[in-house]
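These are my notebook entries on one structure.

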Amino acid sequence: MQQDAKSGNARDGGDGGSMGMTGQPGNFGQSAVTVGAQKQAVPEQAPLLQVRNLQVRFGETAPAVLHGVSFDMQRGERVAIVGQSGSGKSTTIGAILGLLPGNGRVSGGAILLDGQDLATATDASLRGIRGKRMGLVPQDPMSNLNPAMKVGAQIADTLASNGLKGRAAVKRRAVELMTEAGIPDAARRYGQYPHEFSGGMRQRVLIAISLAGEPDLLIADEPTSALDVTVQRQILNHLQTLVDARGTSLLFITHDLGLAADRTDRIIVMADGRIVEMGTPAQILLDPQEDYTKRLVAAAPSVTASGAREPVLPDLAYGTGSSAESVSPSGTPSGTPSGTLSGTERRTASGTATLTGNGPGVPAVATGPEPILVLNHLVKEFNLRGQRGSTVRAVDDVSFSVARGTTTAVVGESGSGKTTVARIILGLEEPTSGEALITGRSITASSGASRRSLRRKVQPVFQDPYGSLDPTFSIERLIDEPLRVFKVGSRVSRQHRVAQLLDHVALPRTVAQRRPNELSGGQRQRVAIARALALEPELLICDEAVSALDVLVQDQILTLLADLQERLGLTYLFITHDLAVVWQIAHHVVVMKSGKVLEDGTADQVFLAPEADYTKELLGAIPGAAFAS
Amino acid sequence: MIRYIFTKLWQSALTLVLASVVVFIGVRALPGDPALAMAGEEASPEQLAAIRSQLGLDQSIPAQYFAFVGKMLHGDLGNSTRTGTAVRDLIGTTLPVTLWLSVYAIVVAVLVGILFGVIAERFRGRWPEWLTNGFALIGLSVPNFWLGILAILYLAVTLGWFPASGYVDVIANPLRGLYYLTLPALILGTSLAAVIMRQTRASMIETMSTDYVRTAKAKGLGGGRVLFRYGLRNSLIVVVTIVGLQLGGLISGAVVTERIFALPGFGKLTLDAVFTRDYPVIQAVVLIITLSYIVINLAVDVLYSVVNPRIRVGGNN
């Protein structure tokens, strides 16, 4: 309600007050509050973009999804809109571009681009503005290029619609743009189709397209959230160079507060279709005024990751966020499990963890119970399609072990082989050589009944809570499916077990009769976890289990997993590309690249004293580090 | 790609052999006797036996089959037991009629179906969509022969726009030939057009809401270019598959249509042969239909890789 009042005040922005220069967080709604001493923007120039009291509805009668959003953007300014899914950030840019999905329409307010109101503009005049005055870098590079059209042609048609004449001139300019966007050998790649490009390269193509019309305003809608963290950094660096060189204004949409802080001059925090707070990155991250922003900052793993975590092993000689030198030299030798972590308070909501090691100075080395999972020189080769005899080594001599009751994270980018390792452990893939031992027995060499009994001990939780639950099943049926498959108990006892599992994952028992599409992403992931727990497994393989979730939800799920670990003594193998998540939950980290293990040690060793250059690179690419306390 | 084509050809050959066996046995399993059909009811047993041995029907079925295959490999499809004409000649005169009719029907169906499909998508919830949906409903539910009879009655007899029946050689006299084939082709193509229309509509609805179409609009492209290069082009991938599957139905549709419009085509030949137990003709006809299925499927595969670059040579998806 408070927020409502604020954006309500912001509505009478017709007096031209440049809220864009607001210096005091919390007071941004008052158009009178302008602090001109902030940054480079030239105060006497009119703002490039003025969004005034913007309201958007889907359908005639439905309630508004944007409630009076107002903000300004100066020429050359970089502004981030941060919010979770459903916060209205994508709807805001949809309205600005005149490309609201479905029956969405602007039902109130104005969007002034250099004084011209886009909200009331005709489709034809919008067409003259899109691509020319406003460019869009869309979210998912995989789905935003026409698969049936050569990449060059997709840049060329933008140029042509911007009035560039002559086939040769268009091609020359397109190749130029591709080169500028960082695509090597652009002249050759001009004639290729999108499927011949990697995700990062496709995003560069989309950047080239968005800049083809030399727009004044570039809207980047989560441009790198689908990419690996190192690729993400390259692309963003490049985008920033291009934008800076051209003096283009950048409206950057993201759910990642750390990324927003690194890349922009000003952050707008949105929730439920309203602007919650606006301010410079430092204001938002270090001195948030609104409760929502505070929660967002606290939950943002990428921000807290680089320093706010308490030492996992307090007996060691370093403190919070201390530098590498202070790491005890007597750390665990690489390759051995980090041993028993008898901690009871795994972590708190802010991502801090307090654990008690069982020996002063030295983390316990496999002295406790035998490791639950041991990988011995695992190798997996795949035949390359169409080329007989040539193989690719997806997993190359991977050995590590996982101690019972701990969390081990396997970190790597796409193509690092981490998912293949997970599939081998789950018994879904046969290794070319080597073995995977679960509680001392080899799943790779077993078959029949013994394999089934081993499989029961290992259960997966997959990345996509939308794809991994059959939409036609009720929640009850989804959760008790493993029980039915293994013929556990009677109908009644299974019903009872489902209720118990729902309690475990903190879902109301009433959801049992509902279907996946009635649940949110976080709830679905809880269902997936409940299903994984149905057979009382000892080891959960979480394959990017929280990557698809919003940061607050992600935090809740991680808390739940930590809680379950404590209560049920579970062991987790976390497959992820997100180092921030690793920092939040893992005791032990395995870094993989190109099928090989590059680094293997306790979380503190890997994060605070990384040895491999690649690990350092990964750590350096975590956004928001500069603002970590 | 080469390997792919070889695999396809090998599979096709196998299909042909299987089809020939099935037809060969199937035809002989039918009640009725070709010798009786030739000689008439009053023929003596000796006469019948003579005819049988002349046709080779007194041998065992495997022996008959190998004799048939052996001849066929030399290009000899045998003679019609009814008229004594060489089967090759019968097919040579009737096949072009059916081919012209089918190609004409396909062209009409594709043009009408895609056009109506795009219209239905563009005008969702408004009267043009209802009109096209109504057309699709009629095209799918009203039987071919009934539509054909209505068309003859109103378009040919009452209005006199088209001839009610007859065939003019398309090669010798293209304009007149096509004019004579127009009504049959429209009737034959109606249900195919309806299927294509529905498929195009559904596929367009999907592609027009994809990210790349939105990006194309954000690039400031004109509506027509977005619709055709981005929307329709990608919708056609699905449409081509469906059309390929439907073409088989066109052959059986042609049999009926030819009957109604009294066209001297393949369908008429097939029907006559079945009624008179003309084994050599039936066998040849079925093999040719099988062959055309195979050729159509190959063509669809090739066409598919044309509209969908991702499955082209070297494509990795």
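Entry 1: I began with K596(A), which forms a salt bridge with D396(A); their closest N and O atoms are 2.9 Å apart. I note that the model is predicted. I then located the two partners: K596(A) belongs to strand β20 (residues 596–602) of chain A, and D396(A) belongs to strand β12 (residues 391–402) of chain A. The pair links distant parts of the chain, 200 residues apart.

Is each partner buried or exposed, or something in between? I found a relative accessible area of 42% for K596(A), so this residue counts as partly exposed. For D396(A) the value is 15%; because buried means under 20%, D396(A) is buried.

**Entry 2: a helix and a loop.** Next I looked up K418(A) and E544(A), whose side chains meet in a salt bridge at 3.8 Å, N to O. K418(A) lies in helix α13 (residues 418–425) of chain A, while E544(A) lies in the loop between β17 (539–543) and α18 (551–568) of chain A, so the pair ties together parts that are 126 residues apart in sequence. K418(A) is buried, with a relative accessible area of 6%. E544(A) is buried as well, at 9%.

**Entry 3: a network.** Which residues are joined into one network by salt bridges that share partners? I recorded R173(A), E176(A), E180(A), E214(A) and R246(A). Over all chains, the structure holds 33 salt bridges.

**Entry 4: a pair between two strands.** I also examined R52(A) and D72(A), which meet through their side chains in a salt bridge of 2.8 Å, N to O. R52(A) is in strand β1 of chain A and D72(A) in strand β2 of chain A, 20 residues apart. Both residues are buried.

**Entry 5: the sheet.** I then turned to the sheet that contains these strands. In which order do its 4 strands lie? The order is β2-β1-β4-β5 in chain A, forming an open sheet with antiparallel pairing. The edge strands of chain A are β2 (66–73) and β5 (116–117), each of which pairs on one side only. I found that 2 bridges join β5(A) to strand β4 (residues 104–113) of chain A. In this region L112(A) stands opposite D117(A), a residue of β5(A).

**Entry 6: the helix across the sheet.** Lastly, I looked up helix α2 (residues 89–97) of chain A. This helix lies across β1 (49–58), β2 and β4 of chain A. Helix α2 of chain A runs at about 110° to β1(A).

Definitions and conventions. Residues numbered from 1 in each chain as written. Chains lettered and ligands numbered in written order. Predicted model: local features only at pLDDT ≥ 70, side-chain atom pairs only at ≥ 80, totals over all residues. Heavy atoms only, no water. Pairing = 2+ DSSP bridges. Contact = heavy atoms within 4.5 Å. Axes fitted to C-alpha atoms, helices over the stretch in contact; angles between N-to-C directions. Salt bridge = Lys/Arg side-chain N within 4 Å of Asp/Glu carboxyl O. Buried < 20%, exposed > 50% of the residue type's maximum accessible area, 1.4 Å probe, protein only.
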